[in-house]
Amino acid sequence: MKQKYLPLTATIFIFVLSYALCAAQYPNILSTRVIGNLLTDNAFLGIAAVGMTFVILSGGIDLSIGSVIAFTGVFLAVVLEHTSMHPLVAFALVLMITTLFGALMGAIIHYLEMPAFIVTLAGMFLARGMAFVLSIDSIPIKHPFYATLKGLYYKLPGGGRITLIGGLMLLVFAIGILLAHRTRFGTNVYALGGGTATAKLMGVPVASTTVSIYALSGLLAGLSGIVFSLYTSAGYSLAAVGVELDAITAVVIGGTLLTGGSGFVAGTLVGIFIQGLIQTYITFDGSLSSWWTKILIGALLFAFILLQKGIIHLSRDNRKRA
Amino acid sequence: MTTIVRTYLARLLPQLIALAAVLAAISMTFSGFLNLEIQNGRLYGSLIDILNRGAPVVLLAIGMTVVIATKGIDLSVGAVMAICGAVAASFITSGHSLAETLLVTLAVGILCGIWNGILVAILDIQPIIATLVLMVAGRGIAQLITEGAILTFNEPGLIFIGSGSFAGLPMPVIVWLVFGILVALLVRRTALGMLIEAIGVNRQASTLSGVFTPVLLVAAYVLSGLCAAIAGIIAAADIRGADANNAGLWLELDAILAVVVGGTSLLGGRFSIAASVFGAIIIQAINTGILLSGFPPEFNLIIKAAIIVFILVLQSPRFRTAFAFLTIPGRAAKPTEREAK
């Protein structure tokens, strides 16, 4: 087997194994209802994590997505409350804002040659601050169109539902996989992750690729914010704190190398499922406290980092021998 | 001797000017801001309040400076603060003496630092990711220790650290002053500081030239863990309880911001602990100023973002080249940080 598939295989293996263990204890976990809820509950995180996968594949990081999600939610709530704008127009407007916001961060990272970490940290403060300025209260969204959207679902046999937002997440993952592996942009992202200098020498348009990557992350964070506002039917400036960490964790558990250049968008989906499964198991069990989620995810994160280190070590040895 | 003083002043000048500007701006909108008065043998006033409230960030910034100088970063300090606060509270409530509690808490902080250090130095994991593990899991561990509740305590000795006063100054201020001076002396009166800078500039080259990098790297993260432990004790003593959810939440970002405001480059290399301390105080002064001057506190984050962007532009290599012609010719001959790399 090719070495680059090893982290992804390990992730899928762990997911299947843990799912089987959970199912052995609680057979109900196999029901389509649980699976449908798994999709719906993690939809916003999944969509944001697709953007994060591209950023990490290119060797960067985006700390701003949690704040962008909160900003999107508050923006939608405020706009829908104070104007008669149709939600679809508001969606388009907010997606434009977040995409431009991401592009701006990408431009600063590239043209000022500053670490992505600190630039997106500033973006995180700015987006959260803008959300605070718009409103510090939790504003309910009562627009009838929201009720219509929430009523849309595809019924699975067994009573499970794939809701609009759950389906949207799967669609975003499908598009993300195509974008990463079947387009020139995707190839450029991988090349950038392998090293900026080499990418430049190979003729990769570094500037436009960097800007597009962060614009894509901003766009998907905005979309994730829309999904989050559909999920909670409210906009709150303190919502979605720390989502960027959950997204990074999902990407790493999904087998993407944090140094960039190697990984799969599909792995991130499995990473999201593993996180969702841990939460579902804790809900089923009832006696375990919710903080075990954090400890388990931390432990998984550590295990996967070690696995990646081992693989890099092995491949270096192989190269030396060859 | 005067040249040493002058170089120190030149290094700290931007921070001092910024601090003076912030304080002047606040005192213009809020009269009586600079007033100090002595009551019951203790200084009171907004300035003292800034020094006192800023204590956790100042302490974290001291450790963070050394870690960033090695071209690393420590995201776990907030979570370590929560763990140490929880450990301190649970030890003191289960009947241990104050000395035992403090020793165990500091040991736990050091242990967290060793964990981070081993991941970075021995397993060679990127610092952001290595410390992310403890950042994610740390709060869970802290909640495990407090069993999900806010552990309160009434031990007067421990409370004294958070709200007592000594020689007219609040205890937290004394703690960070003494600790900061000790660390600064340790790194500047010995070769340690220079070796740390060498690792930050080029880890491979310093290993090859005989610097024992793994030990120094672990030591940097241990210092950061120790700082987080002290900050955690102060934060817990201040509210007389350990809050696993909120103790030190997002303070790692404030600490990083303080280091950046202090002018230490995130790309590693030269560092100044005094400048980072001033950076932390500038941030706290802005926070207090926004509260006092009646601005809604929501603007706090936007102002922080604006400060980061401004400093980023100043530190940017491109900006420096573009504006190189503005610098005084005599000073241009002096090797700058960038050229030294």
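## Helix pair in chain B

In this predicted model, the axes of helix H8 (residues 171–188) of chain B and helix H13 (residues 273–292) of chain B cross at roughly 150 degrees and come within 10 Å. Axes are lines fitted to C-alpha atoms over the stretch in contact, with angles from 0 to 180 degrees between N-to-C directions. H8(B) is therefore roughly antiparallel to H13(B) (angles over 145 degrees).

H8(B) contributes B:Gly180, B:Val183 and B:Ala184 to the contact, and H13(B) contributes B:Ile273, B:Ala274 and B:Val277 (contact: C-beta atoms, placed from the backbone, within 7 Å). Five of these residues are nonpolar, one is polar and none is charged (Ala, Val, Leu, Ile, Met, Phe, Trp, Tyr, Cys and Pro are nonpolar; Asp, Glu, Lys and Arg charged; the others, Gly among them, polar).

## Chain B overall

Chain B has 17 helices and six strands (DSSP runs numbered from the N terminus: H or I of at least four residues, E of at least two). Of its 341 residues, 48% are buried (20 or more other C-beta atoms within 10 Å of the residue's own).

## Contact between chains

Chain A supplies 36 residues and chain B 32 residues. On the side of chain A that touches chain B, H6(A) gives the most, with 12 residues. By class, that side has 27 nonpolar, five polar and four charged residues.

## Conventions

Residues are numbered from 1 along each chain as its sequence is written, and chains are lettered from A and ligands numbered from 1 in the order written. Local features need pLDDT of at least 70, side-chain atom pairs count only at pLDDT 80 or more, and totals for chains, interfaces and linings use all residues.

Technical notes
Two residues are in contact if their C-beta atoms, placed from the backbone, lie within 7 Å. Angles under 35 degrees count as roughly parallel, over 145 as roughly antiparallel, 65 to 115 as roughly perpendicular and the rest as oblique. A residue is buried if 20 or more other C-beta atoms lie within 10 Å of its own, exposed if 12 or fewer, and partly exposed in between; C-beta atoms are placed from the backbone.
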